[in-house]
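Reader: Please take a close look at one helix packing in this model. Then connect it to the rest of the chain.

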Amino acid sequence: MLQGFHWNSAHEGEWYNNVCERTNDLKHAGVSHVWLPPPSNSVAPEGYLPQDWFDLNTPYGSEEELRCLIDNLKDAGITPMADIVLNHRCADEQSTGGTWNHYSNKGFQRISRTPSIDEAFYDSWDEDEIAGNDEKFGGKGHHAKGIFDGAPDLDHDSPKVRTAVVAWLKWLSRDVGFQGWRFDFAKGYDAKHIASYVHATSNEKWLNVGEMWPEADWRSEGLAHNQDAMRQAICDFVSSCEECTSAFDFTTKAILQVAVSNCEYSRLADQDRKPPGLLGWWPKRAVTFVDNHDTGNADHGYAQDSKIKILKAEDDIYVADIAGENCSMRVKMGPRFDMDELAPLESWPLVTCGEDYAVWIMN
């Protein structure tokens, strides 16, 4: 999966067209999924303060340009994923007290009235659809698991909210063409709702991923070596979603960055000699990430659940073998040059290398 935007993309103009022009490059690079930015009209240009879910004209481009990009990606065999912001939503009207917590939902009229959609879907919203523990916006609904300060937190126990979310996601998939969801700020509302939304709007073959970002265990001396509590929190999230979505492996990211920055490669193996993040406990549901990367390899069959055998994990060196469907590769990181008995055979092609790292294909 490749993240198809960065934080400043909304300010660069015609971003959808920019990505569309590079579709063939993405195809040839082996990208299977492109995670696109939040698609809806937003108070903030980046898209993370959505207001009118059904207005797809944003600083990234017009609705027409978005639809063209999605069609081009799918024609190239690349799956378009939408960044879905469901935890909160900005209101477009004020209450009598001056708080922005009323929603006209005029954009909802874009969805035609059918027997399958509850007529209440078209009603306006007020404080009752906002989480009761969101005091800033005067919410009167059920309490949310976490509060986002920048916009009203939605009450996902409200039938109005759930009906609207399902209708919107069905429209994004069946009409606009998205084929996967990236759930933003997933720790803000109960994971059972993510499960219900996925079951109602997604195909079982889709890749869905949640941004469940627990706190790492930081000590006065730095990042603690054992981050089991962090990865357990992510496992609990995936379980609560009924395993219908994967999760970003924030644990691996935190540990990997410290290991590389401080030359502490011993961190890259846990007490059981497994990868120390979600990847070591639940690889099938772990979406590892470094900025702008894609997962899997079309030539050699590497996938998120490929078997990893850690051969050495010491402060100045890390060596591991990763098994693919067609062949395996050996990865070495760290400044120590001498790999001893783990040195690659002369017949193994060196596919990439740089300062303190190298990768070989094992024949």
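Author: Start with the term the packing needs. An axis here is a line fitted to C-alpha atoms, for a helix over the stretch in contact, and angles between N-to-C directions run from 0 to 180 degrees. Keep in mind that this is a predicted model.

Now the packing. Helix α3 covers residues 63-75, and helix α4 covers residues 159-176. Their axes lie 11 Å apart and cross at an angle of about 65°. From α3, the residues in the contact are Glu63, Arg67 and Ile70. From α4, they are Trp171, Asp175 and Val176. By class, this contact of α3 with α4 holds three nonpolar and three charged residues, with no polar ones.

Next, the wider chain. Its secondary structure amounts to eight helices and 14 strands. The radius of gyration is 23 Å, close to the 21 Å given by the globule rule for 363 residues, so the chain is as compact as a globular protein of that length. The C-alpha trace spans about 75 × 45 × 35 Å along its principal axes. Among contacts with a separation of 6 or more, 62% join residues 24 or more positions apart. Of the 363 residues, 53% are buried. The exposed surface comes to about 17200 Å², and carbon and sulfur atoms supply 47% of it.

Aspartate 270 sits in the loop between α7 (250-262) and α8 (278-281). Its relative accessible area is 11%, so aspartate 270 counts as buried, the cut-off being under 20%. Which residues does aspartate 270 contact, leaving aside its neighbours within four places in sequence? They are Arg231, Pro275, Pro276 and Trp281.

Then there is a sheet. Five strands form an open sheet in the order β10-β11-β12-β14-β13, and the pairing is antiparallel. At the edges stand β10 (308-314) and β13 (350-354); each has a single partner strand, so one side of each has no neighbour in the sheet. From one strand to the next, the twist averages 10°. Strands of a sheet pair through backbone hydrogen bonds. Take one pair within this sheet. Strand β11 (residues 317-323) and strand β12 (residues 328-333) run antiparallel and are joined by six bridges. Aspartate 321 stands opposite arginine 330 in β12.

Note on methods: Residues numbered from 1 in each chain as written. Predicted model: local features only at pLDDT ≥ 70, side-chain atom pairs only at ≥ 80, totals over all residues. Heavy atoms only, no water. Pairing = 2+ DSSP bridges. Helix = DSSP H or I, 4+ residues; strand = E, 2+ residues; numbered from the N terminus. Contact = heavy atoms within 4.5 Å. Nonpolar A, V, L, I, M, F, W, Y, C, P; charged D, E, K, R; others polar. Buried < 20%, exposed > 50% of the residue type's maximum accessible area, 1.4 Å probe, protein only. Rg over C-alpha atoms; globule rule 2.2 N^0.38 Å. Areas by Shrake-Rupley, 256 points an atom, 1.4 Å probe, with all protein chains shown as cover.
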